[in-house]
Amino acid sequence: MGRVFLVELEGRSYRCRYCHSPLALADDVLSRSFNCSHGRAYLFNNAVNVSVGPAEERTMLSGLHTVSDVFCCCCGQILGWKYVTANDKSQKHKEGKFVLERWRIAEEITDEGNSDARLSLSDAENAQ
Ligand SMILES: [Zn+2]
């Protein structure tokens, strides 16, 4: 592995809760109403400084999707997942989008603190 070159983001951004690498722009939030087994999650149009695991089929609450786990490229913590393909037509808009779990990321400017942070030992995502 070579050096990690971090992409910097201009504007309000979300960062890794642990290593504070910038991950996604607040402007790229498509939905804040996602829920996964760990609580709230945000859907992003794009994410940076992440590495994506192998694609696998997973049954989510909204049906069968091909998804990849998304990890912070700096500290390696799992952040959420990326939709690779959606089998259901009504879910096609999610393809290529990133879901980052809210408690794994920190908003850069407004300090929400740890009020919604939740610890969980499971990485089951929202598989049924
Ligand atoms: Zn990190």
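A residue counts as buried if 20 or more other C-beta atoms lie within 10 Å of its own, exposed if 12 or fewer, and partly exposed in between, with C-beta atoms placed from the backbone. Keep that in mind for strand E3 (residues 29-36): zero of its eight residues are buried, so it lies largely in the open. What you're looking at is a predicted model, where local features need pLDDT of at least 70, side-chain atom pairs count only at pLDDT 80 or more, and totals for chains, interfaces and linings use all residues. Residues are numbered from 1 along each chain as its sequence is written.

**The overall picture**
- The protein has zero helices and nine strands; helices (H or I, at least four residues) and strands (E, at least two) are DSSP runs, numbered from the N terminus.
- Buried residues make up 28% of the protein's 128 residues.
- Take the contacts with a separation of 6 or more: 49% of them are between residues 24 or more positions apart. Here, contact means that the two C-beta atoms, placed from the backbone, lie within 7 Å.

**The sheet**
- Six strands make an open sheet in the order E3-E4-E8-E7-E6-E5, with antiparallel pairing; two strands pair if DSSP finds at least two bridges between them.
- E3 and strand E5 (50-60) stand at the edges with a single partner strand each, so one side of each has no neighbour in the sheet.

- E3 and E4 form a hairpin, with two residues between them.
- These two strands run antiparallel and are joined by five bridges, and Asn 35 stands opposite Arg 40 in E4.
- E4 also pairs with E8 in the antiparallel sense, over four bridges; there, Tyr 42 stands opposite Leu 100 in E8.

**The core**
- In soluble globular proteins, nonpolar side chains tend to be buried together.
- The largest nonpolar core here has 22 residues, and Leu 23, Ala 47 and Leu 100 have the most contacts inside it. Such a core is a set of buried Ala, Val, Leu, Ile, Met, Phe, Trp, Tyr and Cys residues joined through C-beta atoms within 7 Å.
- E7 gives this core its largest share, four residues.
- Leu 23 touches residues including Tyr 14, Cys 16, Ala 47, Leu 79, Leu 100 and Ile 105, not counting residues up to four places away in sequence.
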